Amino acid sequence: METKVIKLDAGNIDAAKISEAAGIIDAGGLVAFPTETVYGIACRVKRDSLRKLDELKGRSADKYYTLHISSKEQVEKYVPAIGLRAGKLIRNVWPGPVTIVFEMSTGDLEKQRKKLDREVFENLYRDDSIGIRCPDNPIASGLLEATSNPIVAPSANLAGEQPAVDAGQVLERFNGLIDLVLDGGKCKYGKSSTVVRIDKNGLEILRQGAFPQSQLLESAMVKFLFVCTGNSCRSPMAEGMFKKYLAEKLSCTLDRLEEKGYKVSSAGTMGLAGLAASPEATRACAIRGIDIGRHRSAALSPNLLEESDLIFVLARVHRDAVIEISPQAAEKCLLLAQEKDIADPIGQTQQVYDKCAELIEQAIKKRIGGLVL
């Protein structure tokens, strides 16, 4: 059998040819196709097809393959609880040359076991995790969208060899061994995807690839912002308390929060910069073992709002100010204490500050408890 080759123009894809390729895969065949990194070999997630793929690749059956999806929205079908950091990474790097290995809880694995076909579950999940890739190539996306089965797609090469980056290299190795090659020209990057594992303990790069490590870490950094009026009383206390309880939830020290992928800051709507936290706010935090002595006020700005992932305001008036500066921030701007304002204690007694700190602490604990990390 000679492998059939279909040439495709990524700028003007022939839907009928994509449908032909998808039909071959759904019938149990193997189809090579281009991604932005290297060529992959598409295979449906069924045991008979996976055995053929193992033999073709020269891989042992105990090694699992990466699921490929046509759009990032499909990840929710396979990962029911996506943490804040994983969600940020997905938004920033998919579609793109990054494979993400998601850690799964026992409860989530049980949900997937009940939800998915047995063959699909047993061949996608391993060591309480699943690897997923969302390629940035219109031919790849179209093919994955057209198939009726979940698809894995390892690189088109034998174990230990360099992956193919054009159709010619695929045919050199697999002509007569696979059913079809979709020839979309040479791959953009010509190197494999970057593979990362992400869980509540942080982000681990398992394989260097086409996506730079420095950009990857920034792409997964979750940024929290607390906003009040002058950024000298309420929001500095909220920032300090949030750092404390977030570190406890992550089982790490305060100085390791950014290493874990979380950045916490605060700002004020009055536009004041460089002022220390009030003595009363500093004392109210010190009682709780929180040091905000080094705090200096910052002015709220469009850039600060744009780069923040979650914005907690101390009162409704602050939310109004946030939306006036950046209407796009409305969906991620929340009242810290749910439906209640926390009044400004400025100029009042230490007792009033202590009560304010108590209300902030209660609200922070609820917010931290509701976060999926």
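This is a predicted model: local features need pLDDT of at least 70, side-chain atom pairs count only at pLDDT 80 or more; totals for chains, interfaces and linings use all residues.
User: How many helices and strands does the protein chain have?
Analyst: Helices here are DSSP runs of H or I with at least four residues, strands are E runs of at least two, and both are numbered from the N terminus. On that basis the protein chain has 15 helices and 14 strands.

User: What share of the residues is buried?
Analyst: Buried means under 20% relative accessible area, exposed means over 50%, and partly exposed is in between (1.4 Å probe, protein chains only). Of the 373 residues in the protein chain, the buried ones make up 51%.

User: In what order do the 10 strands of the open sheet run?
Analyst: Two strands pair if DSSP finds at least two bridges between them. The pairing in this sheet is mixed, and the order is S1-S8-S2-S3-S7-S4-S6-S5-S9-S10.

User: Which strands stand at the edges of that sheet?
Analyst: Look for strands with a single partner strand, because one side of each is then left without a neighbour in the sheet. Here those are strand S1 (4-7) and strand S10 (202-207).

User: Which residue is the bridge partner of Val196?
Analyst: S9 and S10 form a hairpin with two residues between them. They pair in the antiparallel sense over five bridges. In S10, the partner of Val196 is Ile205.

User: Which residue stands opposite Pro34 in S3?
Analyst: A hairpin joins S2 to S3 through four residues. Strand S2 (residues 31-34) and strand S3 (residues 39-44) pair in the antiparallel sense over four bridges. Opposite Pro34 stands Tyr39.

User: Which residue in S8 is the bridge partner of Val31?
Analyst: Both faces of S2 are covered, with Val31 and Phe33 buried on one side and Ala32 and Pro34 buried on the other. S2 also pairs with strand S8 (residues 180-183), in the parallel sense over two bridges. The partner of Val31 in S8 is Leu180.

User: At what angle does H4 run to S5?
Analyst: Axes are lines fitted to C-alpha atoms, for helices over the stretch in contact (heavy atoms within 4.5 Å). Angles run from 0 to 180 degrees between N-to-C directions. H4 lies across strand S5 (98-103), strand S9 (194-199) and S10, and its angle to S5 is about 165 degrees.

User: What is the order of the open sheet of four strands, and how much does it twist on average?
Analyst: Its pairing is parallel, and the order is S12-S11-S13-S14. From one strand to the next, the twist averages 25 degrees.

User: Which residue in S13 is the bridge partner of Val227?
Analyst: Strand S11 (residues 222-228) and strand S13 (residues 310-313) pair in the parallel sense over four bridges. In S13, the partner of Val227 is Val313.

User: How many of the 17 residues of H10 are buried?
Analyst: The expected span of a helix is 1.5 Å times one less than its number of residues. For helix H10 (residues 234-250) that should be 24 Å, and its end C-alpha atoms are 24 Å apart, which agrees. H10 is largely enclosed by the rest of the structure, because the number of its residues that are buried is 13.

User: Is Pro279 buried, partly exposed or exposed?
Analyst: Pro279 lies in helix H12 (residues 279-286). Its relative accessibility is 49%, so Pro279 counts as partly exposed.

User: How far apart in space are Pro279 and Gln350?
Analyst: In sequence, Pro279 and Gln350 are 71 residues apart. In space, C-alpha to C-alpha, the distance is 9.1 Å.

Methods:
Residues are numbered from 1 along each chain as its sequence is written. Side-chain values use heavy atoms; hydrogens and water are left out.
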